[in-house]
Amino acid sequence: MSQVIYNSSFKAEYPTNPLELIDYAVRANSLNSIIIVVPTGKLVRRLKHHAIRQYFDFHKKPVSSLHFFTLEEFTEYCYDAVFNDRNRNKISDAYRFALLEEASDKAGLTFFATSDRRLSPVILEKLSNVIFGLKEDGIKPEDLLKDLQSEEKGEYHLIDASRLLDVAILYSKYEELLANQYLDFPEIQKNITNYIIDNRDTDIFNEKILPDKNYILHYGFSDFKQPEVEFISKLSNTKIQFALNIDYSIFNGPLFGNLVDSINTLTVNGLK
């Protein structure tokens, strides 16, 4: 089952299923005016193949451009419409790992360090995944340090306080190395979201980011990270029609606990 959430501009003239939307846009010769955002690159490729085939069959000519994305790609597309530093400053996974290795040399870790004070590649890779996961979820180093302070005050007990302290210190050193010189994806997402918030009195999506687009469809998602929810919620007030068709059923209960919270946050922020 699915549930559709939409903004105040949505008039239900567009389908909320991507295949139906593509067929509708092909007949109306309006593929350039729609955006489709789906969970995986594989689904993006499938939809592009379908659109190219349908457009050629109907119009007997190739389609000029398609705007089908994963959520990360859509976020970066929006970022590039505002900022011009992503191609220069965005770091790869390999470079992110190298920065974290440099951060570990400077962090003075105690729990994870070996006798020569250096982390093994296996441990470093695991810590890299943990720290990047925390950052994707919007959790900052200072949040971890607050948890440690609460543990010291006896507000609650952490089983691995020393482990958490090392993670917090390493995370902080990594952020220091990033500074304003490099961009990882969570930083890109935070920056574009903050830009939209800072310009809340302007319809940034309609006037600057997507001025030639009439409809944005997000389809097939079953969970979101908190920063993703914050970014998507900014589509609530744009004049561009927006719909979010999510893979959700009220009968699935706890399996979709995170999605229930996300839906509540989105509706509180203006989506219906």
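**Pockets and aromatic contacts in a predicted model**

Good morning. The largest pocket holds about 750 Å³ of space. This is a predicted model, in which local features need pLDDT of at least 70 and side-chain atom pairs count only at pLDDT 80 or more, while totals for chains, interfaces and linings use all residues. Residues are numbered from 1 along each chain as its sequence is written, and side-chain values use heavy atoms, with hydrogens and water left out.

A pocket here is an open set of points on a 1 Å grid over the protein atoms alone, where a 1.4 Å probe fits, with protein on both sides within 12 Å along at least five of seven lines; lining residues have an atom within 4 Å of a point. A volume is the space filled by probe spheres set on the points, which are joined across faces, edges and corners.

The largest pocket has 37 lining residues, and Lys135, Glu136, Pro186, Gln189 and Pro227 lie nearest its centre. Helix α9 provides the largest share of that lining, seven residues; helices are DSSP runs (H or I, at least four residues), numbered from the N terminus.

I turn now to the rings. The model contains 13 aromatic pairs, that is, rings of Phe, Tyr or Trp (its six-membered ring) with centres within 6.5 Å; planes under 30 degrees apart count as stacked, over 60 as edge-to-face and the rest as tilted. Phe69 and Tyr77 form a tilted pair, 4.9 Å centre to centre with 40° between the planes. Tyr79 and Phe83 are also tilted, because their planes stand at 35°, with centres 4.6 Å apart.

Methods:
Helix = DSSP H or I, 4+ residues; strand = E, 2+ residues; numbered from the N terminus.
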